[in-house]
Amino acid sequence: MKSRVLAILGSTGSIGLNTLKVVDQNPKHFRVAALSAYNNFELLEGQIKKYRPLHVAVGPRGLAYFKSRGIKGVKFYPTEDCAELACLKEVDVVVLAMRGAAALKPFLMAVRSAKIVAPANKEALVIAGDLIMREARRFGAQIIPIDSEQSAIFQCLDGQASSPKFVHLTASGGPLREVKAKDFKHISLKDILRHPRWKMGPKITVDSATLMNKGFEVIEAKHLFNLSHDQIKVVVHPEAIIHSMVEFVDGSVLAQLGVTDMRLPIQYALTYPERLATGLERLDLVKLGSLHFQKPDLKRFPSLELAFEASRLAGTMPAVLNAADEEVVEAFLAGSLSFLNIYKAVEKVVSRHKIVKSLSLEAVLQADQWARIEAQDILRKLCR
């Protein structure tokens, strides 16, 4: 395949690190032109020395740090300007590994520059999916998701002439899958962050525990694959071997299976439509023996149902859901909010929102800001 030039936004997080492992596995096929990281400057410095990008965006203290290091041949940007890296002329693929709503601007800049966009960040599509997909069609950008579930759907739909009847998003069930609701009050942050299948950042791991992350994936899939929320189903699959399935009108169901390693969907997005050897362990179905499936328990995990409702209501509601969740989970990670109050706080914010149906970037940003202020007001009362 022809060599591709990458911009990796969020290079020091788990997705960024795995993307660079893919580059290491196939150095002839990739060149890194741009990196960004909010902090973790020492790790970023090592990446700069190894991959020699010409453009790097860093957080507020990073500019002074790298100026003192005397690094030559690199143009440094503040992270608020990292969208400029997404539209660099030489870049072919933009890997969006940034956390949260901050990815919205670079996502839009990348699609407006007709790039291949490989998003691991789901928040941008959750809060402004209609806007992003409209711009992608307008400018001819290609979006190839990195999330394992969305990648699986993409792969199952590739080359299909017929639209899906349903998609089945699989969920591992998270760290609380076998914990009874009455025991949730005894769950520690350490327990929550011990995911049984994936190594992820703390925020997404908490969202996996509440199943809010799966709810966000429902909204994301709705936009990526032009579905109604009624076409999307969630099934708990503890082994996390089937990454998602697509069901067609004739009853046929296609599934994508693979080892539990993010390098697999990352590399697929970077090399599509070709495939390269990953160097990963092969999937041994005989050794695996059996696969299990069950319905999600919405009584124990009401955040999933809340996300489905936000998808149905549409407009600015998904943006409010995302912003409220970001603020509330941050309070939980800081130790100032109990696990059981995560859902209560987010639901309170969502219930107070007056939806704006006509979606524009301004409306999304206003809804996002309103939800954060509202969440902080609610947190002040819950955290007393």
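A salt bridge is a side-chain nitrogen of Lys or Arg within 4 Å of a carboxyl oxygen of Asp or Glu. The structure discussed here is a predicted model, and a search of the whole of it finds 22 such salt bridges.

**Salt bridges**

The side chains of Lys 122 and Asp 147 form a salt bridge with an N to O distance of 3.0 Å. Lys 122 sits in the loop between strand E6 (116-119) and helix H6 (123-139), while Asp 147 sits in the loop between strand E7 (142-143) and helix H7 (148-157), so this pair ties together parts of the chain that are 25 residues apart in sequence. Both Lys 122 and Asp 147 are buried.

A salt bridge also joins Glu 45 to Arg 69, with 2.9 Å from N to O. Because Glu 45 belongs to helix H2 and Arg 69 to helix H3 (residues 60-69), the contact ties together parts that are 24 residues apart in sequence. Glu 45 has a relative accessible area of 6% and is therefore buried, whereas Arg 69, at 44%, counts as partly exposed.

Arg 352, with a relative accessible area of 38%, is partly exposed. Salt bridges that share partners join Arg 352, Glu 374, Asp 377, Arg 380 and Lys 381 into one network.

| Salt bridge | N to O distance |
|---|---|
| Glu 45 and Arg 69 | 2.9 Å |
| Lys 122 and Asp 147 | 3.0 Å |

**Gln 47 in helix H2**

Helix H2 (residues 41-51) also contains Gln 47. With 5% relative accessibility, Gln 47 counts as buried. The side chain of Gln 47 makes a polar contact of 2.7 Å with the side chain of Ser 11. When residues up to four places away in sequence are not counted, Gln 47 touches Ser 11, Thr 12, Leu 17, Leu 20, Leu 35, Arg 52 and Pro 53.

**Nonpolar core**

The largest nonpolar core contains 122 residues, of which Phe 107, Ile 143, Ile 146, Leu 176 and Leu 321 touch the most other members. Helix H14 (residues 317-333) provides the largest share of this core, with 10 residues. Apart from neighbours within four places in sequence, Phe 107 is in contact with Leu 96, Val 117, Pro 119, Ala 124, Leu 125, Ile 132 and Ile 143. Ile 143, one of these contacts of Phe 107, is itself among the core residues that touch the most other members.

**Second largest pocket**

The second largest pocket has a volume of about 360 Å³. It is lined by 17 residues, and those closest to its centre are Leu 264, Arg 275, Leu 276, Thr 278 and Arg 282. Strand E11 (253-257) and helix H11 (263-271) each supply at least two residues of the lining. Helix H11 gives the most to the lining of this pocket, with four residues.

Definitions and conventions. Residues are numbered from 1 along each chain as its sequence is written. This is a predicted model: local features need pLDDT of at least 70, side-chain atom pairs count only at pLDDT 80 or more; totals for chains, interfaces and linings use all residues. Side-chain values use heavy atoms; hydrogens and water are left out. Buried means under 20% relative accessible area, exposed over 50%, partly exposed in between (1.4 Å probe, protein chains only). A polar contact is a pair of N or O atoms within 3.5 Å; within protein, one must be able to donate a hydrogen and the other to accept it, and residues adjacent in sequence count only if both atoms are side-chain atoms. Contact means heavy atoms within 4.5 Å. A nonpolar core is a set of buried Ala, Val, Leu, Ile, Met, Phe, Trp, Tyr and Cys residues joined through side-chain atoms within 4.5 Å. On a 1 Å grid over the protein atoms alone, a cavity is a set of points where a 1.4 Å probe fits but cannot get out, and a pocket is an open set with protein on both sides within 12 Å along at least five of seven lines; lining residues have an atom within 4 Å of a point. Grid points are joined across faces, edges and corners, and a volume is the space filled by probe spheres set on the points.
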